[in-house]
Amino acid sequence: MNADSTGIPPEPGSQWYDGEAGPLVRPYAMTGGRTRPGPTGVRFDLIALVTLASGAPGVDEDTGLGPEHRALIDLCRTETQSVAELAAGADLPVGVVRVLLGDLLELGCVTVSRPVPPAQLPDERILREVIAGLRAL
């Protein structure tokens with residue numbers, strides 16, 4: 001049991017949060033204590049796009065997935081979304097969403113499109129040749 005700021009543990013059965021807080025589940029409970037997505041070591045950028053795979057289970061099906069996994073599947077069902085959008089839509093921390101998406105990726109429920117790295121600027125010599133060619137026209 002957690003103690004309050006006085007160091008005195010609360011009375012058994014007493015409520016230590018208000019009614020509007022809703023059910024309290026710690027992030028490490030949702031991820032089973034994991035902080036990294038799956039054994040594959042996949043990294044999910046905030047702008048990585050997550051799409052529901054064609055063989056993904058329905059939200060109502062008994063798949064052994066937790067409610068947070070099912071919430072992410074349900075959010076992806078309507079449209080492709082970024083990791084940041086999924087975290088906002090599920091009202092979960094991004095770190096938790098990354099771990100849960102790692103689980104869903106390993107199960108084949110979702111696919112992830114990683115962002116394209118920014119294009120590198122062309123060499124200055126090439127730009128000068130293009131300008132010279134345009135001037136010659």
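L137 lies in the segment that follows helix α5, which spans residues 124-136. The model is predicted, and L137 counts as exposed in this model, with a relative accessible area of 85%. Together with I126, V130 and L134, L137 makes a nonpolar surface patch of about 440 Å². The chain as a whole has 137 residues, of which 26% count as buried.

**Overall layout**

- The chain contains five helices and three strands.
- Read from the N terminus, the order of elements is α-β-α-β-α-α-β-α.
- Among the helices are α2 at residues 67-78 and α3 at residues 83-90, α4 at 94-106, and α5 at 124-136.
- The strands include β2, at residues 81-82, and β3, at residues 110-113.

**Packing of α2 and α3**

- Two packed helices are described by the angle between their axes and the distance between those axes.
- Helices α2 and α3 pack at an angle of about 120°, and their axes are 10 Å apart.
- Angles of 65 to 115 degrees count as roughly perpendicular and those over 145 as roughly antiparallel, so α2 and α3 are classed as oblique to each other.
- The handedness of the α2 and α3 crossing is right-handed.

- R128 and E124 are four residues apart in helix α5, so about one helical turn separates them.
- R128 counts as exposed at 55% relative accessibility, the cut-off for exposed being over 50%.
- E129 is partly exposed, with a relative accessible area of 49%.

- The residues that make the patch are I126, V130, L134 and L137, and its area is about 440 Å².

**Loop residues**

- C109 sits in the loop between α4 and β3.
- C109 has a relative accessible area of 4%; buried means under 20%, so C109 is buried.
- C109 and T51 are 58 residues apart in sequence, and their C-alpha atoms are 8.8 Å apart in space.
- D91 is in the loop between α3 and α4.
- The phi of D91 is positive, at about 55°, although D91 is not a glycine.
- D91 is exposed, with a relative accessible area of 69%.
- T80 is placed in the loop between α2 and β2.
- T80 is partly exposed at a relative accessible area of 36%.
- T80 and T111 are 31 residues apart along the chain, and 9.7 Å separates their C-alpha atoms.

**A residue of α2**

- R77 belongs to helix α2.
- R77 counts as partly exposed, with 38% relative accessibility.
- Along the chain R77 and A53 are 24 residues apart, while their C-alpha atoms are separated by 9.2 Å.

Notes. Residues numbered from 1 in each chain as written. Predicted model: local features only at pLDDT ≥ 70, side-chain atom pairs only at ≥ 80, totals over all residues. Heavy atoms only, no water. Patch = residues over 30% accessible without salt bridge, like charges linked within 9 Å, V, L, I, M, F, W, Y side chains within 5 Å. Areas by Shrake-Rupley, 256 points an atom, 1.4 Å probe, with all protein chains shown as cover. Salt bridge = Lys/Arg side-chain N within 4 Å of Asp/Glu carboxyl O. Helix = DSSP H or I, 4+ residues; strand = E, 2+ residues; numbered from the N terminus. Buried < 20%, exposed > 50% of the residue type's maximum accessible area, 1.4 Å probe, protein only. Axes fitted to C-alpha atoms, helices over the stretch in contact; angles between N-to-C directions. Parallel < 35°, antiparallel > 145°, perpendicular 65-115°, else oblique. Left-handed = near helix turned anticlockwise from the far one by under 90°.
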